[in-house]
Structure formats: C-alpha cells, structure tokens
Amino acid sequence: MTFRKTENIDLSASIEQSSQPNSIDRLLLPDNLHDTPWEKHRRFADRVMSHYAGSKFDRYAERIALCSQLLEFDLKAADGDALKFQLRSARFCRVRHCPVCQWRRSLRWKAKAYQVLPKVVEQYPTHRWLFMTLTQKNIHITELRNTLTEMNKSFKQMVGRKMFPAIGWLKATEVTRGKYETAHPHFHCLLMVRASYFSHGYIKQSEWVEQWRDCLRLDYNPIIDIRAVKKDLNPSVLIPELLKYCTKESDMVADREWFLELTQQLHNMRAISTGGILKEYLRELDSDSIESVEIGGDKTGEEGRQLLFGWQQSNHKYKATTYQAEIVLRLVTIAAQSIYYYLIRLFFLISISSLIISRVIFANDRIW
C-alpha cells in the first residue's frame, strides 16, 4: 500500500518528530485497510470460520479466529514522495483453506516463480513454453480424493510416454464447485519444450485429448485447452493464472456441507508439483507450507514508523490502533473461549462415557 505525503496535515502530536527532511511526520495516515486484500480475505476467513464451527473441523475455526487479528506495518520510503506499508509482523493460522493463509501461500508461490523462471529462460533461451489445462467431467464431491489420485497417476503415466514433449513441467491443481454437490477438478500445467517441437514432433490438440483419455481410461473425450506462449513472451506472464488458489473463496463459502467435504477430501493432498529440469528450480513449490513466507523486511530504519491494525469482528473491518495491549487482550479472550469450548466437549465426552459404562455394568449385573 502506498500513500502520498501532504503538507497540510501535521501528525507530530501522535508520531514522534523525525530529523529527516522527508520524514513521515506529515503523512496522511489511513485509519483502516478498506478496499485492500487484507480486509477482503479476512472477511472470507470469518465466513469460513463459521462453516468450520461446530463441525468435526472445529479446531480449524479456533485457529482461524486467531489468524491475522493484529497486523503491524512498517512505513518505508518508496519512489518520489510516496511511502509504502510493509508487513512487519502478524500471526497466521496456517489452516489450508483459511482465505488469508491461502492468499499468502499463493503470494509465496508466485514470488518464487517470478524469481526463478527468468533464470530458466536465460539458461534455455531457445526453448518454448506451453500452457495446458487438463480436465474431466464433474464428479460428486465425495469422490474428489479418489478422482484426484487417479488424475495424478494418469498425468504421471502421460509424462512417462514417449510422445510427451516437455523436458520440464509445473502442475497446479484447482477444484471448482459445480451444481448438485459436484466438483470440477482440473490441472493447469506449464510445459517447457525444445525449440524443435513446432517443426518436429508437434502434437495436435486432438492427439492430446486421445492421450489424456487413454491414460484416464475414460469412455468420452475430455476437454483439453493447450496454447503456445509467444516466442517473445516470458512464461512469467502465466504465473497469475497458473499459481492461483486451489479453490476460490466464493466456492468455499457458498455451501457449508460441500466445503466441509472438500476439506476432508483434500486433506494432505499436494496442490503444486514439478518435474524434469524445473524440479530443481522450483523445488520449494512442492511444499504447501507457508513457513518461509516473508512477512516483514529489514527492521525499521531511520525513517521507519510502525502502524497497527486490529481486526474488528463486529463490523468486519481493520482499524488502526495504537493500543497493542487492547489487541493482545482480545486475543487472550479468544484463546480463553477456545479453552472453554474444549472443556465443554471434554465434559460431554466424559458424561457420555460414564453413561455407557454404567449401562454396561448394569446389564452385566442383570445377567449374573
């Protein structure tokens, strides 16, 4: 986020005076994060949390409740008179389907790809790139796990065939919601081929369809979209489409039962995979962890100031605050509520167990 300095507002009363000529003392600071990705994804997180609450994934709801509650930003000098916000610290829940963490994970994937792909192009300047989408018919959501397992095996089988032209590939899984409790799983693939592919060994779309159908052992022709990246274009232009979310946020919040089954079906399933010569370059993308996401930067320098934003559950907005203790108290309250819910469940389980044991003992007494 970037903001301009103003000569009309003096915030010296709330911000310590700086000796720098272009300090941020005269910055018109926002008091919220309205119309920013943070607020958008956090709102979706509240809805996902409500879906998880009271289900067998209730522990996910408790973790999401604590996610990104407090955001601490550094104000950094940008080009010209602009100043930008750089995230300094935050706590993330790392739940796979948390919209905030999914967004952060996607940023990590994209950042790594943007960093690596130009190096690959530099090392293999004559090679070309293909963007391919592999699909099949919609399936019931309860069949998703088995279907994705078969699709992954089929893709591996196709990669091993002599006809497969790519010497390196990147595959991303996406699942969209269909009608009547169905799901549409498909793969987005970036293929790296030799320059001679278009003159020797070119594969028509109909041949791709035939190969994919044979590997999946289908009784119909699946839809395949394959396009060549223009020779003068860097494959990095495909990263936003290739490394987007595994499941759209709008799909996650549309139907609670569908979403809970999606969570069950995708548990411990990998969303990104690489192969060939791209595997070494993009090895980190094979992990779904966001542990290494850089959430800050250099420690605050001479011009640096911090600004805190706390999530307000009541109106679903981030508001600027200078009272970190207030936010910490809120987090402690949420944690205490989580412990309370755990104790209630434990008491319920103990009560049920005692009832069952007493009935078993009573039945045995009657038999004797």
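Visitor: Is Asp46 buried or exposed here?

Guide: Asp46 counts as buried, because its relative accessibility is 5%; buried means under 20% relative accessible area and exposed over 50%, with partly exposed in between (1.4 Å probe, protein chains only). This is a predicted model, where local features need pLDDT of at least 70, side-chain atom pairs count only at pLDDT 80 or more, and totals for chains, interfaces and linings use all residues. Residues are numbered from 1 along each chain as its sequence is written, and side-chain values use heavy atoms, leaving out hydrogens and water.

Visitor: Thanks! Which side chains make a polar contact with the side chain of Asp46?

Guide: Arg42 at 2.7 Å and Trp311 at 3.1 Å. A polar contact is a pair of N or O atoms within 3.5 Å; within protein, one must be able to donate a hydrogen and the other to accept it, and residues adjacent in sequence count only if both atoms are side-chain atoms.

Visitor: And leaving aside neighbours within four places in sequence, what is Asp46 in contact with?

Guide: Trp311, Gln313 and His316, where contact means heavy atoms within 4.5 Å.

Visitor: Is Cys67 buried or exposed, then?

Guide: Buried, because its relative accessibility is 1%. Cys215 also counts as buried, at 1% relative accessibility.

Visitor: What about Leu343, buried or exposed?

Guide: Leu343 is exposed, because its relative accessible area is 52%.
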